Amino acid sequence: MPTVIHRTPTELRDQRAALLAEVNMDYEELRERAETYSLSMAELEVWHTIEGIDYLLAGDC
């Protein structure tokens with residue numbers, strides 16, 4: 001049986017902010033660098049995680 005992790009919208013927003021702080025960028029800078037393929041592997045993982053968080057937040061979890 002797969003594991004399911006439940007997070008509140010507040011927890012997701014906090015995680016998103018922590019991830020951006022981890023790569024020392026704001027969302028716009030990270031997005032622009034992703035669009036130009038100029039992210040390190042670690043930064044790319046953060047980008048994909050933030051995309052997932054944004055998807056979940058758009059659906060109000």
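On one side of helix α1, residues D14, A21 and E22 are exposed, where exposed means over 50% relative accessible area, buried means under 20%, and partly exposed lies in between (1.4 Å probe, protein chains only). The model is a predicted one, in which local features need pLDDT of at least 70 and side-chain atom pairs count only at pLDDT 80 or more, whereas totals for chains, interfaces and linings use all residues. Residues are numbered from 1 along each chain as its sequence is written, and side-chain values use heavy atoms, with hydrogens and water left out.

The side of α1 opposite D14, A21 and E22 holds the buried residues L12, R16, L19 and L20. Seen down the axis of α1, these buried residues fall within an arc of 100°, so they line one face of the helix; the arc is that of the directions from the helix axis to the C-beta atoms. The cover over the buried residues of α1 includes α2 (27–35) and α3 (41–58), with contact taken as heavy atoms within 4.5 Å. Helices (H or I, at least four residues) are DSSP runs numbered from the N terminus, as are strands (E, at least two). Helix α1 itself comprises 14 residues, 9–22, and reaches 20 Å from its first C-alpha to its last, close to the 20 Å expected at 1.5 Å a residue; the expected span is 1.5 Å times one less than the number of residues in the helix.

After α1 comes N24, which is placed in the loop between α1 and α2. The phi of N24 is near 55°, a positive value in a residue other than glycine, and N24 counts as exposed at 67% relative accessibility. A positive phi near 55° in a residue other than glycine is also found at Y37, which belongs to the loop between α2 and α3 and counts as exposed at 78% relative accessibility. The loop between α2 and α3 also contains S40, which is partly exposed, with a relative accessible area of 35%. Although S40 and V23 are 17 residues apart along the chain, their C-alpha atoms are separated by 10.0 Å.

Helices α2 and α3 pack at an angle of about 115°, with their axes 11 Å apart; the axes are lines fitted to C-alpha atoms, for helices over the stretch in contact, and angles run from 0 to 180 degrees between N-to-C directions. Their crossing is left-handed, a term used if the near helix is turned anticlockwise from the far one by less than a right angle, with clockwise giving right-handed. On the α2 side the contact is made by Y27, L30, R31, R33 and A34, and on the α3 side by E43, V46, W47, I50 and D54. These residues divide into six nonpolar, no polar and four charged, where Ala, Val, Leu, Ile, Met, Phe, Trp, Tyr, Cys and Pro count as nonpolar, Asp, Glu, Lys and Arg as charged, and the others, Gly among them, as polar.

For the 18 residues of α3, the span should be 26 Å at 1.5 Å a residue, and the end C-alpha atoms are 26 Å apart, which agrees. The buried residues of α3 are E43, V46, W47, I50, I53 and L57. Viewed down the axis of α3, they fall within an arc of 125°, so they line one face of the helix. This buried set packs against α1 and α2, while the face of α3 turned away from the buried side carries the exposed residues M41 and Y55.
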